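Reader: I'm new to this and would like to learn how to read a protein model. Could we go through one together, feature by feature?

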Amino acid sequence: MHTLYQKYIFTPGPVKMYKETLELGAMQTPYFRNEEFSQVVLDCETNLLQIANAPKNSRVLFLTASGTAGMEATVQNLLSLKDTALIINGGGFGQRFVDICNIHGITNINCKVKDTNLSDTSLLNDSKDASSLIVNAHETSIGVLYNLESLGNFAKENNMLFIVDAISMFITDALDMSRDNIDALIISSHKGLALPPALSMIILSPKAIAKINPKHQLYFDFNSYLKDGLRGQTPFTPAVSVILQLQKRLEQIIKNTPQKEIQKAKEIAHYFREAIKPLPLKPYTHFMPNALTTLTPTDNKSALEIVKALEEKYNVVVAPNGGELKDTIFRVSHMGDMTKEYTDILIDALFDYYGSKNRKICRDKCRSS
Ligand SMILES: *Cc1c(COP(=O)(O)O)cnc(C)c1O
């Protein structure tokens, strides 16, 4: 077995997968241009619309691509040269939307934000004339969760198309397309849905569907996905096996209820954050999602060195940060099939790394709480 498989992963994608979906991944990929597979796709669409509480007559597009392609395809299909996009830019993924708009010639307002979750939207008041509002619901590069309800109200009051990249918070943190006035919701297979990378799904409200541009590209033309999707098909070969895994996973979520999935992520995040309190690490922000914990060393250690030591000494993989925050923060994902037992592997590694003896006491205390 490759040594890659022997590591414990706490990364924000890919994430630890469930046994049921792992088993499906070992199966032969079947042929897909038939009734039976169409029914699988239609099932996935129905369940995704329900989980996201999408407005009536919304649709789901299934793209075979990573999340960034979902972001780019959404901008290309929904915005035109007449639009102005107001982009919330709190880090690497916000910047990516700015880059996408610039490449495609979409006029944009690059709204750099820091230390806010935008519960108060007054700092956006100068940009009320924009025709669309774009945000990464969870800015994964630093672990900040924005307030979708207040952003959605702002978008509605100012008649903006609201585009939300929910890739790294879908099913670990609460979201409601109807309540939050979301017109386009971008999600991917390899974050909270805990499937292999391969799929990006875009959920479009009727308002977004009405705004799709006439065709100016082949592979990511939303109109052709909508048309073929009516009968449960895609214009090109989809990630057949991952769609079958998605069907299983969505059934699991509906059966367990989305609320319980979110609650589980919340409990694991809380368990981890409580357990490491004796260590010289502090939360980087007040606005952390359930999906991720972002930590800053308080003892002048380099965050990147901690990340490297965890992998070399304990086979535990957490996410470093690139760029100017590389020594300041590292990130721990709580997405996917996480349990307290699995999280203990990381907690134990951190206590051992710091040579701290407090772990035993802490472990008993945290477990009982
Ligand atoms: C992971 C992620 C993406 C997608 O990245 P890909 O590498 O293209 O899959 C997009 N947005 C956010 C907020 C993410 O966390």
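Reader: Let's start with one residue. Is I88 buried or exposed?

Author: Keep in mind that this is a predicted model. A residue counts as buried when its relative accessible area is under 20%. I88 has a relative accessible area of 0%, so it is buried. You'll find I88 in strand β3.

Reader: What is I88 in contact with, leaving aside its neighbours within four places in sequence?

Author: Its contacts include G94, C111, V113, L118, L124, L133 and Y146. I134, V135 and N136 are in contact with I88 too. As for K191, that residue comes 103 residues apart from I88 along the chain, and their C-alpha atoms are separated by 21 Å.

Reader: Now strands. Which way do the side chains of β10 point?

Author: The general idea first: in a regular strand the side chains alternate between the two faces of the sheet. In β10, L199, M201 and I203 point one way, while S200, I202 and L204 point the other way. Residues on both sides are buried.

Reader: Why is β10 said to be largely enclosed by the rest of the structure?

Author: Just look at the count. Six of the six residues of β10, which spans residues 199-204, are buried, so the strand is largely enclosed by the rest of the structure.

Reader: And which strands pair with β10?

Author: Strands of a sheet pair through backbone hydrogen bonds, either parallel or antiparallel. Here β2 (residues 59-64) pairs with β10 in the antiparallel sense, over six bridges. In that pairing, R59 stands opposite L204. β9 (residues 184-188) also pairs with β10 in the antiparallel sense, this time over five bridges.

Reader: What is the bridge partner of S188 in β10?

Author: That's S200. Their side chains also make a polar contact, at 3.0 Å. S188 sits in strand β9 and, at 2% relative accessibility, counts as buried. Beyond four places in sequence, S188 is in contact with residues including S66, G67, I167 and L193.

Reader: How do I read the edges of a sheet? Which strands stand at the edges of the open one?

Author: Write out the strand order and look at its ends. Four strands form an open sheet in the order β11-β12-β15-β14, with antiparallel pairing. β11 (281-283) and β14 (319-320) stand at the edges with a single partner strand each, so one side of each has no neighbour in the sheet. β11 is joined to β12 (residues 292-297) by three bridges, and K282 has T296 as its bridge partner in β12.

Reader: What about helices? Which residues of α5 are buried?

Author: An α-helix has 3.6 residues a turn, so residues three or four places apart point the same way. In α5 (residues 148-157), the buried residues are L148, S150, L151, G152, F154 and A155. Among the elements that cover them are β3 (84-89), β5 (132-136) and β8 (161-165).

Reader: What happens at the two ends of α5?

Author: At the start, a side-chain oxygen of N147 reaches to within 3.0 Å of the backbone nitrogen of E149. After the helix comes N159, whose phi is positive, near 55°.

Reader: Loops next. Where does S141 lie?

Author: S141 is in the loop between β6 (138-139) and β7 (144-145). Among the residues S141 touches are F93, N321, I329 and R331.

Reader: Last one, the ligand. How many residues surround it?

Author: There are 13, and the closest are S66, T68, T140, D165 and K191. By class, the shell has three nonpolar, seven polar and three charged residues. α3 (67-78) and α4 (92-103) each supply at least two residues of this shell, and the largest share, three residues, comes from α3.

Reader: Which side chains have polar atoms by the ligand's own oxygen and nitrogen atoms?

Author: S66 has a polar side-chain atom 2.5 Å from a ligand oxygen. An N or O atom in the side chain of D165 is 2.6 Å from a ligand nitrogen, and one in the side chain of H190 is 3.0 Å from a ligand oxygen. On its own the ligand has 390 Å² of accessible area, and the protein covers 86% of that.

Key: Residues are numbered from 1 along each chain as its sequence is written. This is a predicted model: local features need pLDDT of at least 70, side-chain atom pairs count only at pLDDT 80 or more; totals for chains, interfaces and linings use all residues. Side-chain values use heavy atoms; hydrogens and water are left out. Buried means under 20% relative accessible area, exposed over 50%, partly exposed in between (1.4 Å probe, protein chains only). Two strands pair if DSSP finds at least two bridges between them. A residue is near a molecule or strand if one of its heavy atoms lies within 4 Å of it. A polar contact is a pair of N or O atoms within 3.5 Å; within protein, one must be able to donate a hydrogen and the other to accept it, and residues adjacent in sequence count only if both atoms are side-chain atoms. Accessible areas come from the Shrake-Rupley method with a 1.4 Å probe; for residues, only the protein chains shown count as cover. Ala, Val, Leu, Ile, Met, Phe, Trp, Tyr, Cys and Pro count as nonpolar, Asp, Glu, Lys and Arg as charged, and the others, Gly among them, as polar. Contact means heavy atoms within 4.5 Å.
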